[in-house]
Amino acid sequence: MPPSPPLNLDAQRAALRDVPDFPKPGIVFKDITPLLSDPRHFRALTAAFVEALAGEPIDKVAGIDARGFLFGAWLAEALGCGFVPVRKKGKLPWKSVSRAYELEYGTAEVELHQDAVQEGERVVLIDDLLATGGTAAAAAALIQELGGQLAALAFVIELGFLEGRQKLPPAPVVSLLRY
């Protein structure tokens, strides 16, 4: 595998696709699929997460359904730790804990298996986007409910104007592309 190129924020931003009025009128969706389809961009983003988290003791990476799975599984492999899926309500096959939250365009609920995180484990929570903060705050609350400690919260994109960071619990936040 070729080495990861350095993160070029201008190149990453240029590769994003804005989709107006998705999932509803008035919202401009930041589509990361062009970044994922180009291995240079994908490697650069994942390498940037590894670099930002270097030196942190991490036991698990929790990826938020569904795009957080893409970065979370790779990050867990790169860090040599376990991966935990944070799923949408009704998608986990075993005993779980759940938390409802509000989105910028509706409401939803996330779940974690009851045994996904053990007492005292240090967990990085990762997703593609931090917008209003509801999804990440709910997922973080589940990790903490199970006894986990948030080592960091990580996002490819942060929409700073929506102030989602203010809803997050105290922990380092890594955002690669800020708008």
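These notebook entries set out what I looked up in a predicted model.

**Conventions**

I worked on a predicted model, in which local features need pLDDT of at least 70, side-chain atom pairs count only at pLDDT 80 or more, and totals for chains, interfaces and linings use all residues. I number residues from 1 along each chain as its sequence is written, and side-chain values use heavy atoms, with hydrogens and water left out. I took helices (H or I, at least four residues) and strands (E, at least two) as DSSP runs numbered from the N terminus. For accessibility I used a 1.4 Å probe and protein chains only: buried means under 20% relative accessible area, exposed over 50%, and partly exposed in between.

**Entry 1: aromatic pairs**

I paired rings of Phe, Tyr and Trp (its six-membered ring) if their centres lie within 6.5 Å; planes under 30 degrees apart count as stacked, over 60 as edge-to-face and the rest as tilted. I find Phe49 buried, at a relative accessible area of 1%; Phe71 is buried, at 1% relative accessibility.

I then examined Phe69 and Phe83, whose ring centres are 6.0 Å apart with planes at 85°, so this pair is edge-to-face. Because Phe69 lies in helix 4 and Phe83 in strand 4 (residues 82–88), the pair ties together parts that are 14 residues apart in sequence. Phe69 is partly exposed at 21%, and Phe83 is partly exposed at 31%. I also noted that ring pairs link Phe42, Phe49 and Phe71 into a cluster.

**Entry 2: charges at Tyr179**

I counted a charge as over a ring if NZ of Lys or CZ of Arg is within 6 Å of the ring centre and within 35 degrees of the ring normal. Which residues lie over the face of Tyr179? I found Arg13 there, at 5.5 Å from the ring centre, and Lys30, at 4.2 Å from the ring centre.

**Entry 3: salt bridges**

I counted a salt bridge where a side-chain nitrogen of Lys or Arg is within 4 Å of a carboxyl oxygen of Asp or Glu. The count comes to twelve salt bridges. Arg17 meets Asp31 in one of them, with the closest N and O atoms 2.9 Å apart. Arg17 is in strand 1 (residues 17–20) and Asp31 in strand 2 (residues 28–31), so the pair ties together parts that are 14 residues apart in sequence. Arg17 is partly exposed at 43%, whereas Asp31 is buried at 11%.

Lys30 is buried at 15%, and Asp18 is partly exposed at 44%.

Asp65 forms a salt bridge with Arg87, the closest N and O atoms being 2.9 Å apart. I place Asp65 in the loop between strand 3 (60–64) and helix 4, and Arg87 in strand 4, 22 residues apart. Asp65 is buried at 15%, while Arg87 is partly exposed at 21%. I also recorded a network of salt bridges linking Lys89, Glu109 and Glu111.

**Entry 4: nonpolar cores**

I defined a nonpolar core as a set of buried Ala, Val, Leu, Ile, Met, Phe, Trp, Tyr and Cys residues joined through side-chain atoms within 4.5 Å. The largest has 27 residues, of which Phe49, Phe71 and Val124 touch the most other members. The elements giving two or more residues to this core are helix 3, helix 4, strand 7 (122–130), strand 8 (149–158) and strand 9 (173–178). Strand 8 supplies the largest share, five residues. A second, separate core of 24 residues includes Val86, Ala140, Leu150 and Phe155.

**Entry 5: helix 5**

I asked how many of the twelve residues of helix 5 are buried. Nine are, so the helix is largely enclosed by the rest of the structure; among them are Gly134, Ala140 and Ile143. Just after helix 5, Gly147 takes a positive phi of about 100°.
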